[in-house]
Amino acid sequence: MSEKHTPVLRESATFDRLTIQEIQRAAETGIYDIRGGGTKRKLPHFDDLLLLGASVSRYPLEGYREKCGTDVVLGTRFAKKPIHLKIPVTIAGMSFGALSANAKEALGRGASIAGTSTTTGDGGMTPEERGQSQHLVYQYLPSRYGMNPDDLRKADAIEIVLGQGAKPGGGGMLLGMKVTERVAGMRTLPVGVDQRSACRHPDWTGPDDLAIKIAELREITDWEKPIYVKIGASRPYYDVKLAVKAGADVIVLDGMQGGTAATQEVFIEHVGIPILPAIPQAVQALQEMGMHRKVQLIVSGGIRNGADVAKAMALGADAVAIGTAALVALGDNHPRLDDELKKIGSAAGYYDDWQNGRDPAGITTQDPELSKRLDPVEAGRRLANYLRVLVLEAQTMARACGKSHLHNLDPEDLVALTVEAAAMARVPLAGTSWIPGQGY
């Protein structure tokens with residue numbers, strides 16, 4: 001007697017369960033999905049590169065006796081007072097509004113302990129952040145929310161935001177549940193109403209106007225402050241050239257793995273390019289203009305550990321910036337919060353509904369009871385510990401490559417594990433001398 005055949009269910013690669021779920025959600029609600037964080041799809045990243053440690057042809061440095069420098073100076077091109085940081089890992093712009101006041105204070109505390117800078121984000125500068133930040137970068141955004149010339153002068157640098165890696169070409173969102181009286185007052189908005197930030201600056205239409213704006217900001221600050229220009233990675237070769245021509249001291253390049261407080265998921269997953277192919281294009285633009293290392297390059301978008309820092313700097317970056325990783329270091333997505341996260345439909349390690357203001361960690365919320373859960377002193381200490389580990393890991397790798405400073409790492413210290421990564425990073429495929437697109 002033959003056995004009964006049990007059919008095997010085969011999931012569609014095109015219409016998988018997540019795709020079907022999203023179609024059904026869209027059909028039921030009639031609105032696109034909004035979330036925070038960065039892209040979740042697997043992209044070519046720093047994991048696709050390897051560093052080549054020294055052996056016979058290279059001479060490694062002894063970790064306990066020979067120094068490996070980590071400092072970086074930002075804004076040397078025109079600013080009277082460039083910023084000298086002890087480490088090349090900075091904190092990216094994240095707004096008060098998206099984050100609680102305690103979280104902003106914690107970022108300032110942690111950055112200051114580690115000897116680096118933090119950044120305001122949309123919506124202006126808070127006294128908590130300025131008071132605890134040794135080096136504070138003031139973001140100047142298309143929305144102009146919270147923009148205050150006096151705060152510009154209080155800052156240590158100004159970052160003109162033209163784009164963000166998670167949504168280049170798109171504006172920001174702050175949903176009404178996070179627009180409290182204090183947030184609304186700083187942004188001149190009605191309380192409890194969803195806020196949409198503009199996708200472009202209202203007073204210019206092209207790179208010539210950017211040059212005028214940079215000159216205006218230099219006049220306001222008496223040419224003291226470095227002027228950064230932040231771009232979302234899409235066409236970095238051309239964007240970097242235009243920003244440098246307009247007079248930028250520092251370029252901030254953000255890849256699509258970078259996070260956001262809130263935007264459409266379809267935007268996060270399908271617009272922009274990863275940071276891996278963006279860095280070589282930016283470096284090429286700077287080199288062709290004779291500006292590499294004269295105009296500093298800060299890169300961000302998915303920086304997680306010291307290996308990522310070392311590889312980004314080997315590709316030509318002067319420093320990196322972290323955002324999502326900094327929030328995790330403060331306590332976001334901690335396993336101890338798992339039960340509370342499950343109550344709001346998420347879980348530890350998966351929580352990205354930063355837009356809803358229900359973060360049990362007290363970080364991405366304006367709820368006063370939730371915000372009180374975050375101790376800014378303790379959270380700042382955790383962030384400082386994490387920054388210290390990032391730098392120690394990067395130093396370990398640089399010494400293994402025989403380098404006495406992180407800035408001495410270069411593309412010759414890298415190989416790629418895949419043809420795609422080799423082509424994007426413009427380094428040889430491991431075990432060969434072949435860089436795809438450049439012949440043998």
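**Entry 1: Glu340 and Arg373**

I looked up Glu340 in this predicted model and found a relative accessible area of 31%, so I put Glu340 down as partly exposed. Its salt-bridge partner is Arg373, and the closest N and O atoms are 2.6 Å apart. Glu340 lies in helix H12, while Arg373 sits in the loop between helix H13 (368-371) and helix H14 (376-400), so the pair ties together parts that are 33 residues apart in sequence. I checked Arg373 as well: at 43% relative accessibility, Arg373 is partly exposed. I noted the general point that side chains of opposite charge can pair when their charged atoms come close.

**Entry 2: Arg304 and its partners**

I then counted the salt bridges and got 30. One of them joins Asp47 to Arg304, with 2.9 Å between the closest N and O atoms. I traced where the two residues lie: Asp47 is in the loop between strand S1 (34-37) and strand S2 (49-51), and Arg304 is in the loop between strand S14 (296-300) and helix H10 (306-314). They are 257 residues apart, so I recorded this pair as a link between distant parts of the chain.

Is Asp47 buried, exposed or partly exposed? Asp47 has 45% relative accessibility and counts as partly exposed. Arg304, at 35%, is partly exposed too.

Arg304 also meets Asp308 in a salt bridge, at 2.8 Å from N to O. Asp308 has a relative accessible area of 0%, and I listed it as buried.

**Entry 3: strand S14**

How many of the 5 residues of S14 are buried? The count is 5 of 5, so S14 is largely enclosed by the rest of the structure. I sorted the side chains by direction: Gln296, Ile298 and Ser300 point one way, Leu297 and Val299 point the other way, and all are buried.

I then looked for the strands that pair with S14. Strand S12 (residues 250-254) pairs with S14 in the parallel sense, over 5 bridges. Within that pairing, Val250 stands opposite Gln296. Strand S15 (residues 319-322) also runs parallel to S14, and 3 bridges join the two. Here Ile298 stands opposite Ala319. I followed the chain from S14 through H10 to S15 and found a right-handed β-α-β crossover.

**Entry 4: the second largest pocket**

I took the volume of the second largest pocket, which is about 860 Å³. Its lining has 22 residues, and those nearest the centre are Leu18, Glu22, Asp33, Arg35 and Glu265. Which elements each supply at least two residues of this lining? They are helix H1 (17-29), S1 and helix H8 (265-270). H1 gives the largest share, 5 residues. I divided the lining by type and got 6 nonpolar, 5 polar and 11 charged residues.

**Entry 5: two positive phi values**

Last, I checked backbone angles. Arg144 has a phi near 65°, a positive value in a residue other than glycine. I found Arg144 in the loop between strand S7 (135-140) and helix H4 (149-154). Asn333 is not a glycine either, and its phi is positive at about 60°. Asn333 lies in the loop between helix H11 (324-330) and helix H12 (338-343). With a relative accessible area of 16%, Asn333 falls under the 20% cut-off, so I recorded Asn333 as buried.

Note on methods: Residues are numbered from 1 along each chain as its sequence is written. This is a predicted model: local features need pLDDT of at least 70, side-chain atom pairs count only at pLDDT 80 or more; totals for chains, interfaces and linings use all residues. Side-chain values use heavy atoms; hydrogens and water are left out. Helices (H or I, at least four residues) and strands (E, at least two) are DSSP runs, numbered from the N terminus. Buried means under 20% relative accessible area, exposed over 50%, partly exposed in between (1.4 Å probe, protein chains only). A salt bridge is a side-chain nitrogen of Lys or Arg within 4 Å of a carboxyl oxygen of Asp or Glu. On a 1 Å grid over the protein atoms alone, a cavity is a set of points where a 1.4 Å probe fits but cannot get out, and a pocket is an open set with protein on both sides within 12 Å along at least five of seven lines; lining residues have an atom within 4 Å of a point. Grid points are joined across faces, edges and corners, and a volume is the space filled by probe spheres set on the points. Ala, Val, Leu, Ile, Met, Phe, Trp, Tyr, Cys and Pro count as nonpolar, Asp, Glu, Lys and Arg as charged, and the others, Gly among them, as polar. Two strands pair if DSSP finds at least two bridges between them. A crossover is right-handed if, with the strands pointing away from the viewer, the path from the first strand over the helix to the second runs clockwise.
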